[in-house]
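The points below may be read beside the sequence and the model.

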Amino acid sequence: MATFLLIRHGDNDFLGSKLAGRLPGVHLNAKGLAQAQAVADGLADLPITAIYASPLERTQETAQPLAQMKGLTIQVLPELMEIDFGEWQGQELDLLRKDKSWNIVQTSPAGFRFPGGESFVEAQTRAISGLSALAEQYGEKELVVCTSHSDVIRLTVAHFLALPLDRFQRIRIRPASVTVLHLNGGQGYFGPINYSFDFKSELFI
């Protein structure tokens with residue numbers, strides 16, 4: 001049974017205003033860098049075996065302080081990549097909320113495909129496939145960090161909780177939060193979900 005620490009990347013200047021998606025050059029801001037260091041400090045005592053991240057800069061920057069602390073190389077895992085938002089990528093969230101498809105994304109995402117991009121089903125399938133394959137490489141009680149994106153982690157949690165995809169939007173994954181997933185033979189068992197090392201400040205947000 002491999003244990004995964006699923007970590008969402010930290011804050012960046014797109015967060016809350018634009019849909020960054022797979023745009024290159026989206027880096028952690030000052031708050032995000034502080035969050036990444038807090039994650040490293042919070043996990044310092046754990047015997048972490050390996051660190052993986054999506055191909056995007058903000059996930060690798062989130063993993064970097066922990067990798068340096070543990071003397072590990074960050075390995076890129078494409079299956080952890082952000083959803084391909086297609087034509088929505090880079091758009092202002094205020095404008096997207098006015099799109100007639102926005103309500104579908106929030107209430108019935110299982111049948112939705114982003115224009116020119118990926119469907120939620122495809123994103124969930126690749127994430128689960130990637131983690132399942134990774135689990136085969138590690139033994140019982142080994143800790144593996146996977147730094148990814150909010151929707152990818154939420155879709156993963158929904159799958160292993162047997163939650164219908166149409167309900168995955170009810171799951172919240174904060175920036176720089178840690179979700180603990182024990183994976184054994186295709187079955188998932190969770191420890192803390194959406195745990196933040198700055199939890200008090202975000203408790204009621």
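1. In this predicted model, the largest pocket has a volume of about 850 Å³. Its lining comprises 36 residues, and those closest to the centre of the pocket are Arg8, Leu15, Leu93, Ser150 and Arg154. Three helices, α1 (30-42), α4 (102-107) and α6 (150-160), each supply at least two residues of this lining. By class, the lining of the largest pocket divides into 15 nonpolar, nine polar and twelve charged residues.

2. The largest nonpolar core contains 37 residues. Within this core, the residues with the most contacts are Phe4, Tyr52, Trp88, Phe120 and Cys146. Two or more residues of the core come from each of the strands β1 (2-8), β2 (48-53), β4 (143-148) and β5 (178-184), and likewise from each of the helices α3 (93-96), α4, α5 (120-135) and α6. Helix α5 gives the largest share, six residues.

3. Trp88 deserves a point of its own. Setting aside residues up to four places away in sequence, Trp88 touches Leu19, Leu96, Asp99, Ser101, Trp102, Val105, Phe112, Phe114 and Pro115.

4. The aromatic pairs come to nine in count. In one of them, the ring centres of Trp88 and Phe112 are 5.9 Å apart and the planes stand at 55°, so the pair is classed as tilted. Why does this pair tie together parts that are 24 residues apart in sequence? Trp88 lies in the loop between β3 (74-76) and α3, while Phe112 lies in the loop between α4 and α5, so the pair links these two places in the chain. Ring pairs also join Phe85, Trp88, Trp102, Phe112, Phe114, Phe120 and Phe168 into a cluster.

5. A search of the whole structure for cavities of 30 Å³ or more finds one. The volume of the largest cavity is about 30 Å³. Its lining is formed by Leu6, Leu80, Ala127, Leu131, Ser148, Val152, Ile153 and Thr156. The elements giving two or more residues to this lining are α5 and α6, and α6 gives the most, with three residues. In the lining of the largest cavity, six residues are nonpolar, two are polar and none is charged.

6. Is Asp11 buried or exposed? Asp11 counts as buried because its relative accessibility is 11%, and buried means under 20%. Asp11 is placed in the loop between β1 and α1. Apart from neighbours within four places in sequence, Asp11 is in contact with Leu28, Asn29, Lys31, Gly32, Gln35 and Pro175.

7. Asp45 counts as exposed because its relative accessibility is 77%, and exposed means over 50%. The C-alpha atoms of Asp45 and Lys70 are separated by 9.7 Å, and the two residues are 25 residues apart along the chain.

Note on methods. Residues numbered from 1 in each chain as written. Predicted model: local features only at pLDDT ≥ 70, side-chain atom pairs only at ≥ 80, totals over all residues. Heavy atoms only, no water. 1 Å grid on protein atoms, 1.4 Å probe; cavity = no way out; pocket = protein on both sides within 12 Å on 5 of 7 lines; lining within 4 Å. Points joined across faces, edges and corners; volume = space filled by probe spheres on them. Helix = DSSP H or I, 4+ residues; strand = E, 2+ residues; numbered from the N terminus. Nonpolar A, V, L, I, M, F, W, Y, C, P; charged D, E, K, R; others polar. Core = buried A, V, L, I, M, F, W, Y, C linked by side-chain atoms within 4.5 Å. Buried < 20%, exposed > 50% of the residue type's maximum accessible area, 1.4 Å probe, protein only. Contact = heavy atoms within 4.5 Å. Phe/Tyr/Trp six-rings, centres within 6.5 Å; stacked < 30°, edge-to-face > 60°.
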